[in-house]
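Have the sequence and the 3D view open as you read.

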Amino acid sequence: MPNSLVVIDDLVLANRILYRLGVVDGFGHVSVRHERDPERFLLARNMAPALVTAEDVMTFALDGTALGDPRAPYLERFIHGSIYRARPDVGAVVHSHSASVIPFGVVSGVTMRPLFHMASFLRGAVPVFEIRDAAGEDNDMLIRDGALGDALARSLGDGPVVLMRGHGSTAVGRDVREAVFRAFYTEANARVQADALRLGAPTFLSDREALRSSESNAGQIARAWDLWSRLVSETG
Ligand code: MN
């Protein structure tokens, strides 16, 4: 059923932008909290993000139940519902498998930290979700039910990003534009941190620098969004 909500336009753009930026490929997904009912969220049906249109968007309750829509949903929709339930401040969620972040979830003693100012929202150490802690050894790495979603949300805590060991990462924001910004610059930070670690011991942003920088950047997200949305609008 076509959806006329204002946030749908940004959600569709976000799917295409995240693909164009290399954050998602055939897999990964982005959701937004329902603009009139905070107990619901909007997420595409089970499909490649770059192909999502407004007609593909489904509505879910926070427990992951599709509302009046028989189409096949993403298996990992529980990532989104559990985070919205745990975090009233979150208005959008991006889940991806981008390769650059994977090393920081699998090497013990290596922690992702903000290395440059565009990733200053990462302030402090980025947490890593270990699915074995919630599901034991006999798991398929996927967040396939509400209990695993809740465990992931606990690992995220009150932060902007959680890495998922051997799987990917999940970024959140107050709205879809902030969540996309954070997903992209988490990926960028992973690349530059891996580069820097090959050269030696990096100097990370201090908590103070990260706080001040993220306050400065908060007003600049529209600039990136304007560029990215123009990019996908012109080239389809
Ligand atoms: Mn996944």
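The model is a predicted one, where local features need pLDDT of at least 70 and side-chain atom pairs count only at pLDDT 80 or more, while totals for chains, interfaces and linings use all residues. Residues are numbered from 1 along each chain as its sequence is written, and side-chain values use heavy atoms, with hydrogens and water left out.

His97 and His167 link distant parts of the chain, being 70 residues apart. Helices (H or I, at least four residues) and strands (E, at least two) are DSSP runs, numbered from the N terminus. His97 sits in the loop between strand S4 (92-96) and helix H3 (103-106), and His167 in the loop between strands S6 (161-164) and S7 (168-173).

Buried means under 20% relative accessible area, exposed over 50%, and partly exposed in between (1.4 Å probe, protein chains only).

| Residue | Relative accessible area | Class |
|---|---|---|
| His97 | 30% | partly exposed |
| His167 | 10% | buried |

**Strand S2 and its partners**

Four of the five residues of S2 (residues 40-44) are buried, so this strand is largely enclosed by the rest of the structure. Two strands pair if DSSP finds at least two bridges between them. S1 (residues 29-33) runs antiparallel to S2, with three bridges, and a six-residue hairpin connects S1 to S2. Arg33 has Phe41 in S2 as its bridge partner. S2 also pairs with S3 (residues 57-61), antiparallel over five bridges, where Leu43 stands opposite Met58.
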